[in-house]
Structure formats: C-alpha cells, structure tokens
Amino acid sequence: MPESNRVWRLRKRPVGAIGDDVLSFAPEPIPEPAVGQFLFRLNYLSLDPTNRIWMSDMDQYMPPVALGDAMRGVVCGTVVKSNHADFAPGDVVSGLGVWADYQIGAPGMLNKLGPFGNVSVADAFGLFAVVGPTAYFGLLDLGVPKAGETVVVSAAAGAVGSIVGQIAKIKGCRAVGLAGSAAKCQWLVNDLGFDAAINYKTEDVASALKRACPKGVDIYFDNVGGDILDACLKQMNLQGRIPTCGLISQYNAKDIVPGPINYPMILMQRLKVQGFIVLDYANRYPEAIAALAGWLQQGKLKFRMDMYEGLENAVITLRKLYTGENTGKLMIHVA
Ligand SMILES: NC(=O)c1ccc[n+]([C@@H]2O[C@H](COP(=O)([O-])OP(=O)(O)OC[C@H]3O[C@@H](n4cnc5c(N)ncnc54)[C@H](OP(=O)(O)O)[C@@H]3O)[C@@H](O)[C@H]2O)c1
C-alpha cells in the first residue's frame, strides 16, 4: 500500500461552470478505520450532474458538501482493511463516498456490489448504482407507461436518458429522444431503437416535437428543465405525466432561472408533474437491478460507458456533463 492518499477537497462554491479553483487535489495520510468501519481503495468514481448541486449551497435533497470537506461522490472500491465483521479485504463495495484514493466506509453508505454473473464490476456499478434505477423508477413508477403511448426523454443519449428510452420501447411505447448532436441522435435511432430523435441544438424543438409525436406526448421524462421542458409542456396530452428527474440546463446558472412559460398546460391538460430522487427507492433497488440485468442478458438493453483514466482528471472530466461532451455514463477509472 502506498504511504499517502490523494484527496479532492471543496475550497469554494462554484459560480457558473466549475472553475479550476473550486476544488484542491493534494496528498494526505491514509485514514485508519475505527471499529465497525473498513478502509477501501477507490476503483471507479462515478461523475454525476448532481456533483455540481452538492458543491453549491442551493436548497437541495441532502446537505451540500461543506467547504474544506472531501468532495462527495458515488464510488466503487475494494476493501483493503476491515474492522467490520461483514466486510473482508477483497470485497467490492459501492455507494456514497468521497473523491479520494483511500477512504473509510461503513454499511449504510456503502454496500457490497454484486457479483452479477458476466456483468463486469464497471458496468454493474455504472448501470445499477444510480442510472438504471433512476430510469426504471422514474419512468415506471411516476410515468406509468402504457403500450402505445408516446414517451419523450431529454438528455436522451446520456446515461439515464438512454435507459429511459429503451425501457419505453420494452413497454411498447413510442420513444422520442432529444439530444445535442447528430451523432447522438443517430445512435438513439440506429443503435437503441428509438422511434425518432431531435437535435435540440440545430432543430426548432417545438415543430420537431409535433412531427415526431403525431399523437402528442403522454410522458415527458425531464432530465434538463428550461426551454425543452417548456416545449414539451406545450405538446402534452390530457392526463400526461412528467417525471422530473433533473434540471441540468440550469445547474450552472448564474442568475435566477424563470419558471416555464407553458406552466398553465399543467392545469389545462390535468398533468401530473412529480419530482423524485432515486434514493427514495433505496429499498426497492433489487427489483430494478433484477429487471435491468434481465433485459441486459436478453439483449433488450444497451448500456454505454464513457470512461476516463485518473483521479487527477476528475474535475476536467466532470465538466463534460454540462457541455454534452460525454457519450454515455461518465466515469473515472482510478485503480
Ligand atoms: N432524480 C434523480 O435521482 C437523478 C439521478 C441521476 C441523474 N439525475 C438527473 O438526470 C439527468 C441526466 O443525468 P445523467 O447522469 O444521465 O447525465 P448524462 O445524461 O449522461 O449527461 C448529461 C447530459 O445532459 C445534456 N445537457 C447538458 N447541458 C444541457 C442543456 N443545457 N440542455 C439540454 N441538455 C443538456 C448533455 O447531453 P446533450 O449532448 O444531449 O446536450 C449531457 O451529455 C441530470 O439532470 C441528473 O441530474 C437525477
């Protein structure tokens, strides 16, 4: 084991995009696990849009990372030392941790991951830790899709969105995705089986939605908020559903973001708009994992990883989420 650790710490709250001075990355001693804890080495660091939320002091679903604290992250690692009877060196764990090579874990925040047959640790972590359950519960529990309905999803070529559209197809729906490049749109239709894809950066979204959704929209799975939410609100069918999963278009906003202009559509069309956080479904994770793993085995579900090397590259890699440079689940391979 090396003598020292490397830790990313939050130094200031970002204003707009995450600047170079927001976090520090420096060597520190390796911590010692107390009784009931274990020490694990980070293997994979998941980079998630919510990292930007945790850095800020906006109202949010868990406390923001305190200034000076190690940056919080969704992590996967291997136990190297254990003072907990249920964890032994070599066990693979995943859950909420920090951006550091070596860190302390305890059950509750960290749990054993898998094994999941022939699914690799990286894929199991990438698909089952956050992304897959988010798509599964957001679409099925809140969207409640029925065969023949039209499902629109934004950030459709991203980690959550790509799974949402494929589950919509599995459930017999028409799946329409919005994405930020021609290549992403082609991937949605040609590789994932979406019925249509709209490049929101080059097309007029309102008229493209009308063309792609001739029977209107029954479910809009919202990953982005902003103008795209507004355009989708206008196309919603009576008693449509909008699972509010994320608002990535405004995570880096410097100014107050105005509410949707088409808000009255919620009344006129009797829409059900409901926010959710995947952690709300923690006790139902096995259900989602079993379904996702089954679809994966049957070849009905494809999962794309966008993997980079080195903990030192965490911040420059994280920024790709907000510019759309990522192509799939963004992840860092650490060790
Ligand atoms: N509620 C929950 O529990 C939960 C859990 C996980 C994730 N989420 C949310 O789900 C959403 C997707 O997360 P993810 O991890 O799957 O990330 P992702 O979709 O893999 O990556 C983010 C994507 O967002 C798109 N994007 C960035 N800025 C945008 C903008 N201004 N307008 C429209 N699209 C933009 C980019 O794709 P383009 O190239 O298409 O622009 C980018 O690739 C995020 O909002 C995240 O916060 C929520």
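**Exercise 1.** Determine which residues of H2 meet which residues of H8, and how the two helices are oriented.

*Solution.* Taking as contact two residues whose C-beta atoms, placed from the backbone, lie within 7 Å, we find that Leu127, Phe128, Gly132, Pro133, Tyr136 and Phe137 in H2 meet Tyr285, Ala288, Ile289, Ala291 and Leu292 in H8. These residues divide into ten nonpolar, one polar and no charged, where Ala, Val, Leu, Ile, Met, Phe, Trp, Tyr, Cys and Pro count as nonpolar, Asp, Glu, Lys and Arg as charged, and the others, Gly among them, as polar. The model is predicted, and local features need pLDDT of at least 70, side-chain atom pairs pLDDT 80 or more, while totals for chains, interfaces and linings use all residues. Residues are numbered from 1 along each chain as its sequence is written.

Next, H2 and H8 (residues 285-297) pack at an angle of about 90°, with their axes 9 Å apart. That makes H2 roughly perpendicular to H8, a term for angles of 65 to 115 degrees.

**Exercise 2.** Describe the shell around the ligand, and explain where the ligand lies relative to domain 1 and domain 2.

*Solution.* Counting a residue as near if its C-beta atom, placed from the backbone, lies within 6 Å, 31 residues surround the ligand, and the closest are Gly158, Ala159, Gly180, Gly246 and Gly324. Helices H2 (121-143), H3 (159-170) and H10 (320-323) are the elements that each give two or more residues to this shell. By class, the shell has 18 nonpolar, eleven polar and two charged residues. Finally, domain 1 (4-113 + 304-333) and domain 2 (127-280) both contribute residues to the shell, so the ligand lies between them.

Methods
Helix = DSSP H or I, 4+ residues; strand = E, 2+ residues; numbered from the N terminus. Domains from an automatic or database assignment. Axes fitted to C-alpha atoms, helices over the stretch in contact; angles between N-to-C directions. Parallel < 35°, antiparallel > 145°, perpendicular 65-115°, else oblique.
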